[in-house]
Amino acid sequence: QGKRRLTWKEEREVEGLEARIEGLEARREGLQTEINACGDDYLRLQELAELLQALETELDDAMMRWLELAER
């Protein structure tokens, strides 16, 4: 099965995914910085850890879709 070119819509999706991934990675760095600065506030630490886990899932999904499109 030969590779096919991306459609115009898929090309726009790739561009959107790249921006989204970049934003998610920046947010992840921010959350990690907040987690490191949390100190003894265990409730805040738990909240930040949950946010980080959700963000990681979203980032993984976006990267998988980007890879899927990039392989075409």
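The model is predicted, so local features need pLDDT of at least 70, side-chain atom pairs count only at pLDDT 80 or more, and totals for chains, interfaces and linings use all residues. Residues are numbered from 1 along each chain as its sequence is written, and side-chain values use heavy atoms, with hydrogens and water left out.

**Stop 1: helix H1**

Select residues 8-36, which form helix H1. Helices here are DSSP runs (H or I, at least four residues), numbered from the N terminus. H1 has 29 residues and reaches 42 Å from its first C-alpha to its last, close to the 42 Å expected at 1.5 Å a residue; the expected span is 1.5 Å times one less than the number of residues.

Within H1, pick out Glu-10, Val-14, Leu-17, Ile-21, Leu-24, Leu-31 and Ile-35, which are buried. Buried means under 20% relative accessible area, exposed over 50%, and partly exposed in between (1.4 Å probe, protein chains only). An α-helix has 3.6 residues a turn, so residues three or four places apart point the same way.

**Stop 2: helix H2**

H2 has 29 residues and reaches 41 Å between its end C-alpha atoms, close to the expected 42 Å. Its buried residues are Leu-48, Leu-52, Leu-55, Leu-59, Ala-62 and Leu-69, and they pack against H1.

**Stop 3: the helix pair**

Show both helices together. They pack at an angle of about 155 degrees, with axes 9 Å apart. Axes are lines fitted to C-alpha atoms, for helices over the stretch in contact, and angles run from 0 to 180 degrees between N-to-C directions. H1 and H2 are therefore roughly antiparallel to each other (an angle over 145 degrees). The residues of this contact divide into 17 nonpolar, 1 polar and 12 charged. Nonpolar covers Ala, Val, Leu, Ile, Met, Phe, Trp, Tyr, Cys and Pro; charged covers Asp, Glu, Lys and Arg; the others, Gly among them, are polar.

**Stop 4: Leu-59**

Centre on Leu-59 in H2. Leu-59 is buried, at a relative accessible area of 1%. Not counting residues up to four places away in sequence, Leu-59 touches Ile-21, Leu-24, Glu-25 and Arg-28 (contact means heavy atoms within 4.5 Å). Leu-59 and Leu-24 are 35 residues apart in sequence but 6.3 Å apart in space, C-alpha to C-alpha.

**Stop 5: Asp-60**

Move to Asp-60, also in H2. Asp-60 is partly exposed, with a relative accessible area of 43%. The C-alpha atoms of Asp-60 and Ile-21 are 9.1 Å apart, across 39 residues of sequence.

Key
Helices (H or I, at least four residues) and strands (E, at least two) are DSSP runs, numbered from the N terminus. Angles under 35 degrees count as roughly parallel, over 145 as roughly antiparallel, 65 to 115 as roughly perpendicular and the rest as oblique.
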